[in-house]
Amino acid sequence: MIAYFIPPEKLGTPPMSDSPWELLPTASNHAQSLDGLYILLTAVTGISFVLVIGTMFYFMWKYKMKSEDDKTSPLTHNGKLEFAWSAIPAIFLMVFFVWGELDFVKLSSPPADSIDIHVTGQKWYWTFEYPGRPVAATTEVEDGEIAPLLVVPKGQAVRLTMTSKDVIHSFYIPAFRVKKDVVPGRYTYVWFEATELGDFPVFCTEYCGDEHSSMLAVVRVVEPEDYKAEVAAATTLEQGEGESLEQFGEKVYKAFACNSCHNTDATRKVGPGFGGLYGKSENLADGSSVEADENYIRESIMEPNAKIVAGYTPQMPSFAGQINDEQLNALIAYIKSLK
Amino acid sequence: MSDDKNHEAVEPSYLTAKKGLMSWLITVDHKRIGLMYLAATMFFFLVAGLLAIALRTELFTGQQDFMSAQTYNKVFTLHGAIMVFLFIIPSVPAAMGNFVLPLMLGAKDVAFPKLNLLSFYIYCIAAIMLVMTLLLGSLDTGWTFYTPYSKSTGSAVIMATMGAFVAGFSSILTGLNFVVTVHKMRAPGMTWNRMPLMIWALYATALIQIMATPVLAITLFLLIIERTLNIGIFDPAMGGDPVLYQHFFWFYSHPAVYIMILPGFGIISEIITVHSRKHIFGYRAIAMSSVAIAVISFIVWGHHMFVSGQSELAGVVFSFLTFAVAVPTAIKVFSWVATLYGGSIRYTTPMWYGLVFLWTFTIGGLTGVYLGTLSVDVHLHETYFVVAHFHYVMVGGTVVAFLGGLYHWWPKFFGRMYNETAGKISALLVFIGFNMTFLTQFFLGHQGMPRRYYAYLPEYEVMHQVSTIGSWILALGLFTVLGTLVMALKNGERAPANPWKAVSLEWQTASPPIEHNFHMTPRVTGSPYDFPEIDKSAGAHH
Ligand SMILES: [Cu+2]
Ligand SMILES: [Cu+2]
């Protein structure tokens with residue numbers, strides 16, 4: 001249940017293709033058939049465009065006014081021609097429809113033996129939970145930033161069960177050609193079989209507020225035999241050796257994306273800044289005030305709506321059940337250290 | 001064709017018949033109301049256009065440059081909301097349509113002139129409400145107001161949705177007025193089959209406005225109720241259904257796409273015929289396809305929701321119906337191109353815009369086929385491909401047609417000719433700028449670049465830069481349009497009553513027209529596309 005919202009330039013996934021007109025990597029079972037259809041569409045629409053616009057250019061040249069008293073053709077309609085140009089496009093359209101439909105049905109039917117991974121979207125990060133693992137999967141990307149990580153084995157079907165904690169998001173892996181809205185209050189599903197090793201970007205494609213552009217993640221396709229070890233490595237958040245409590249706290253802070261709403265100095269963002277918070281007397285929305293001690297900070301994280309800071313709206317999600325005691329202690333130590 | 005009868009010159013035009021500001025503010029003359037709409041919609045086009053340039057400039061690099069994330073989100077929301085509700089929807093029907101519809105019908109005015117003025121003031125109130133959100137400072141939902149996001153964000157949402165709600169009433173009243181006018185006020189001899197295609201297009205649009213807009217109003221009203229009274233309708237936290245909102249919203253907003261584009265089709269049918277001296281090819285097919293589009297447009301809304309979590313079966317049905325709309329649209333494009341055949345093409349500025357329209361709208365239509373295809377849409381949905389597609393339809397289609405219409409009817413509006421060379425330069429700049437801006441975005445889209453991002457991965461930077469430079473050229477082209485039209489008013493040559501030698505009725509009266517349009521009710525004896533140049537002896541059937 002740890003993750004982080006991350007500026008796009010720091011995601012660090014290798015470019016998906018070398019030039020803008022190239023197709024994306026065919027990194028999943030869905031990509032190949034889709035690309036075939038995409039190429040067919042491009043060929044048919046491209047030829048149609050050339051025919052229509054070519055005819056237009058030809059007429060533009062041929063029937064340019066020669067003199068004011070040119071005579072023009074009395075043609076007003078032609079039943080056969082009109083039938084032909086209604087029927088022929090209709091045939092092509094049916095081909096596209098059927099092909100698209102068949103692939104769409106496949107996209108919606110995960111095999112029974114798929115690996116299940118739980119995905120949660122929330123402003124503005126993804127959480128990838130693996131059964132039996134204590135924390136969500138993350139990876140360190142550029143400049144020490146931490147990004148949510150989806151580890152999947154190559155050649156095995158994976159099914160994502162997705163929901164949102166706040167507004168609608170949409171889960172999109174361009175390299176896999178899969179996308180599905182992630183809706184609060186219900187589950188939606190995406191499935192795929194990765195076919196190419198490597199790191200690929202994950203985007204949020206349903207507008208969800210301030211940091212929508214930074215609601216990114218990495219999907220990492222690994223060999224099936226490395227899968228277990230990679231998942232284990234990605235789902236551990238513990239105090240490292242030689243790491244101070246505050247340093248670990250900072251990691252936790254980033255991992256749970258507190259910085260998407262809070263600044264580490266005293267300036268306001270979605271929520272109040274933390275600089276100089278500890279020990280000061282905080283005014284609350286109900287007119288009372290409270291001293292910002294350890295208990296208050298703990299309560300603010302676990303039950304954020306219990307006390308609302310004056311001038312703010314109750315937007316903070318609860319982290320109860322997500323942050324364990326060690327992590328919480330480190331987090332509080334870190335907030336205390338911010339001046 | 002000799003229409004400069006002497007007594008017409010002595011009677012003052014609608015512009016000079018009454019004087020003073022009040023004579024405009026309380027006018028019930030459809031021409032003056034049309035011009036007031038024109039001024040207002042052009043103003044909002046400028047505002048929303050400048051916002052677009054700001055957005056494109058921010059996107060010149062992948063990082064955040066001069067706008068914060070919040071600012072970017074507010075700017076794209078306002079850009080979309082103003083363009084859709086205050087510019088595109090009213091631009092052709094309410095501004096241009098108001099002016100030309102009664103003239104083309106040979107009528108003295110619309111059926112309900114006072115109601116017409118009321119629509120204009122309702123529109124103004126809506127505009128003020130939408131602009132007020134700027135002061136309230138927190139509208140960042142996108143023009144679609146999706147729930148539950150629109151429930152959780154700042155309070156300006158209520159004001160904005162109220163604005164869109166009120167704008168809807170203006171739209172409904174204009175639609176109602178037009179439908180009655182077309183049914184009741186056609187000149188003697190103007191059978192349905194002798195109506196100019198512009199009228200057919202405005203008629204089909206008006207039908208959609210009357211039938212679809214109430215659904216938007218109800219939807220926005222439910223949104224407001226949910227927010228103010230805390231009744232769970234769309235918000236899952238209160239037992240509502242957020243996807244239901246999308247169904248309601250698109251049930252209006254897909255037909256609304258045709259409210260935006262059908263009038264543009266009408267303009268193009270007029271321009272292409274008049275400036276190539278040809279009868280329209282396939283009159284009946286074009287007229288009927290407008291009506292067919294109007295009807296089918298009500299049952300395709302789900303194609304905006306293929307990945308929303310609606311049932312797979314619904315997705316399949318909506319995809320099928322969407323392809324069904326593609327056919328009448330294709331028929332129109334083919335018919336316009338075929339109209340050029342055997343013509344005598346005059347390369348006037350309106351004609352250039354007509355030809356630019358054929359280019360851009362064809363691209364807009366063809367790329368729609370990608371998005372109607374289920375599996376392909378899963379990949380392209382909510383990426384720049386969609387952004388490029390709808391700008392090709394809305395800007396490359398409606399706005400280009402609107403500009404062509406402005407040049408075409410400007411002499412009729414004001415009795416002044418514009419400068420042809422400057423007009424053609426504007427068309428060239430718009431063509432280059434527009435295609436540079438949006439063609440690149442198809443590539444961004446198929447590469448996976450999501451929309452509504454203020455910062456993006458480095459691999460998308462080159463295409464974004466080409467697009468941004470294109471948007472500056474487009475802006476230059478649009479300012480050239482403004483320049484040529486304003487200059488025409490100041491020192492343009494006096495326009496004759498019928499500079500294009502057109503046959504439809506609006507050209508059979510003075511430029512600018514007299515207050516009551518016609519001295520004597522005109523009689524219609526044939527098709528509006530029966531030009532004197534047409535060689536009747538050539539033997540093709542009618
Ligand atoms: Cu998002
Ligand atoms: Cu639609």
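Predicted model: local features only at pLDDT ≥ 70, side-chain atom pairs only at ≥ 80, totals over all residues.
In the pair of A:Tyr172 and A:Phe203, the ring centres lie 6.3 Å apart and the planes meet at 50 degrees, so the arrangement counts as tilted. Colouring by secondary structure places A:Tyr172 in strand S6 (residues 169-173) of chain A and A:Phe203 in strand S9 (residues 198-204) of chain A.

Keep A:Tyr172 in view and display A:Lys179. The charged end of A:Lys179 sits over the ring of A:Tyr172, at 3.9 Å from the ring centre.

Proceed to A:Phe176 and A:Phe192, both of which are buried. These two residues form a tilted aromatic pair, with 4.7 Å from centre to centre and 50 degrees between the planes. A:Phe176 belongs to the loop between S6 and strand S7 (178-182) of chain A, while A:Phe192 lies in strand S8 (residues 188-193) of chain A. The two positions are 16 residues apart, and the pair links distant parts of the chain.

For a further charge over a ring, select A:Arg268 together with A:Tyr312. Here the charged end of A:Arg268 sits over the ring of A:Tyr312, 4.2 Å from its centre.

Finally, turn to chain B and select B:Phe85, B:Trp143, B:Tyr146, B:Phe234, B:Tyr245, B:Phe248, B:Phe249 and B:Trp250, which ring pairs link into a cluster.

Conventions:
Residues numbered from 1 in each chain as written. Chains lettered and ligands numbered in written order. Heavy atoms only, no water. Phe/Tyr/Trp six-rings, centres within 6.5 Å; stacked < 30°, edge-to-face > 60°. Helix = DSSP H or I, 4+ residues; strand = E, 2+ residues; numbered from the N terminus. Buried < 20%, exposed > 50% of the residue type's maximum accessible area, 1.4 Å probe, protein only. Lys NZ or Arg CZ within 6 Å of the ring centre and 35° of its normal.
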